[in-house]
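Here is a short report on a few loop residues. Please look over the sequence and the fold before reading on.

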Amino acid sequence: MRTARAKRFCEIQAVSAGWLPSSVPPIIVLGTIYLLLFDLRRIMIGMAVAQAEKSAFRSSAPFERRAFPQAAIYCSDGRFADQINQFLHQGLGLDGYDRLAIAGGPACFAGYFEAYREEEGAVSHLRFLSRLHKLGRLILISHEGCGFYSDFLRVSELGLHDRLRNDLSRAARRIREVEAKLRIEGYLARVNGSSVWFEPVAV
Ligand SMILES: [Zn+2]
């Protein structure tokens, strides 16, 4: 009863305002009002977003719409983030890349029982990126002083460099089992004083 009354009210309002002839069915009147309200809401949201954008931080880096056909896997340790980014852009000449920044980086793929959950997650992420962005090249980067080895795996510093290199190869083998088409490269990020350099490792 109320709905019928409301429809009739809208019809009367619209007709009396001269929008529509009296022969227009109530459903058309209600539909028109609904669309007008929907448009009004959209306009208000757009204005609010524009206002928020004015006062927000704006990156000076241009946005690239196309996906990059290469990815890098490295440790989430932020101390190496800028150097790795610089290496990938300037050292290897990549214009951009997808990334899997996870604790230990390639070590997650090296077959450690303690890290089997991390490996499952990392494999799943890599498969997803590979399928979505049609990856063809993958760069693996391990680093000296990685807490994943000293804290999570409880590995001593003794012989750690050899282990890091071996693990890059083991990780590459494991990744080829799940994504055979990827061209894989390995690097070990090494610290010398306050600088970081990247040693190529055959994988
Ligand atoms: Zn690390």
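Arg 154 sits in the loop between helix H5 (147-152) and helix H6 (160-178). Helices (H or I, at least four residues) and strands (E, at least two) are DSSP runs, numbered from the N terminus.

This is a predicted model: local features need pLDDT of at least 70, side-chain atom pairs count only at pLDDT 80 or more, and totals for chains, interfaces and linings use all residues. Residue numbers start from 1 along each chain as its sequence is written.

The phi of Arg 154 is positive, and the residue is not glycine. Lys 134 also has a positive phi and is not glycine. Lys 134 lies in the loop between H4 and strand S3 (137-143). The table sets out the phi values.

| Residue | Phi |
|---|---|
| Lys 134 | near 50 degrees |
| Arg 154 | near 55 degrees |

Lys 134 is exposed, because it has 11 other C-beta atoms within 10 Å.

Now to Ala 103. This residue is in the loop between strand S2 (98-101) and helix H4 (116-133). Ala 103 is partly exposed, because 16 other C-beta atoms lie within 10 Å. Which residues does Ala 103 touch, not counting those up to four places away in sequence? They are Cys 75, Ser 76, Phe 148 and Phe 152. Contact means C-beta atoms, placed from the backbone, within 7 Å. Cys 75 is 28 residues from Ala 103 along the chain, yet their C-alpha atoms are 4.9 Å apart.

Terms used
Buried ≥ 20, exposed ≤ 12 C-beta atoms within 10 Å, placed from the backbone. Contact = placed C-beta atoms within 7 Å.
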